[in-house]
Amino acid sequence: MPSKPFDRNELHVALDAILDAADANGGRLDADAFWTFVAGLAQGRGITDGLHYAGLEAVQDVPSKTQNPQKAKSKRERRAYHIGVLAQLLMDVGRMPGQGSLLPGSFQHGVVAHDLLGMQEGPDGVGRGDPQILTSGRKGIAKIRQAARFRLVGVVFWRVGRTGQTQEAVWNDLMGEGDAEKSRLDRWLKEFGGAKGDLVTTAHAAGAANDTSSLFAKSNLELASTIQLVNQGSGRRKQKVP
């Protein structure tokens, strides 16, 4: 997200750049550029504040009576805030039937928002009834880490196509000493179709064409949070200390 809102001129320049790039890419928008533009448009203009207030309203509904008031209430308030913001974000993005939405038509955002709000109901705000979709608290982060792995594999082969360096050299530069085990990349590569799969083929071709609008044309600095996320996951095999 930008550190400050885009002014009107910056918005026009950014939108023109996005559309020009899309024209050269068969009409497809670059996702990162699009969301950077959306953030620059929304920030400081009431949208973020509206989401924040939705979180605060959820906090106000948290019961105050518990066996351990301070600790338990604080934990529930933090939980309520995040649920409130997320539920409001889903409804804002998904919109009402017949209105424009950024979400796929198959995504039942109303059901998911209902599940989230249901987590705030019942005694002590611990939820009431079985969720219709959100049945696991662990699957979400697993999917996020999977997306991070996908992106890093793509980055490796974009750089191979762009620079002509070996896969190993690019991997070592990207992940750094201690996190660049070859077996790790091999597992991820297998997960996403192997050396001849669509991911590798597409990323390599984009790199060879020097397509800097590609999802995989990112610097090590831009990927720092992505790398940190995969390093926190269970997919990394820890080496035994002799």
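Let's start with Lys182, which counts as exposed at 56% relative accessibility. This is a predicted model, so the values here are computed from it. Lys182 pairs up with Asp186 in a salt bridge, with their closest N and O atoms 3.0 Å apart. Asp186 counts as partly exposed, at 32% relative accessibility.

Now for a group with shared partners: Asp32, Arg151 and Lys218 are joined into one network by their salt bridges. Take Asp32 and Arg151 to begin with. Their side chains meet in a salt bridge at 2.6 Å, N to O. Asp32 belongs to helix H2 (residues 31-42) while Arg151 belongs to helix H6 (residues 139-163), so this pair ties together parts that are 119 residues apart in sequence.

How exposed or buried are these two? Asp32 is partly exposed, with a relative accessible area of 24%, and Arg151 is buried, at 19%.

Asp32 also forms a salt bridge with Lys218, where the closest N and O atoms are 3.0 Å apart. Lys218 lies in the loop between helix H9 (198-208) and helix H10 (224-231), and Asp32 is in helix H2, so here the pair ties together parts 186 residues apart in sequence. Lys218 is buried, with a relative accessible area of 18%.

Stepping back, the structure holds 5 salt bridges, including the ones between Lys182 and Asp186, Asp32 and Arg151, and Lys218 and Asp32.

Terms used: Residues are numbered from 1 along each chain as its sequence is written. This is a predicted model: local features need pLDDT of at least 70, side-chain atom pairs count only at pLDDT 80 or more; totals for chains, interfaces and linings use all residues. Side-chain values use heavy atoms; hydrogens and water are left out. A salt bridge is a side-chain nitrogen of Lys or Arg within 4 Å of a carboxyl oxygen of Asp or Glu. Helices (H or I, at least four residues) and strands (E, at least two) are DSSP runs, numbered from the N terminus. Buried means under 20% relative accessible area, exposed over 50%, partly exposed in between (1.4 Å probe, protein chains only).
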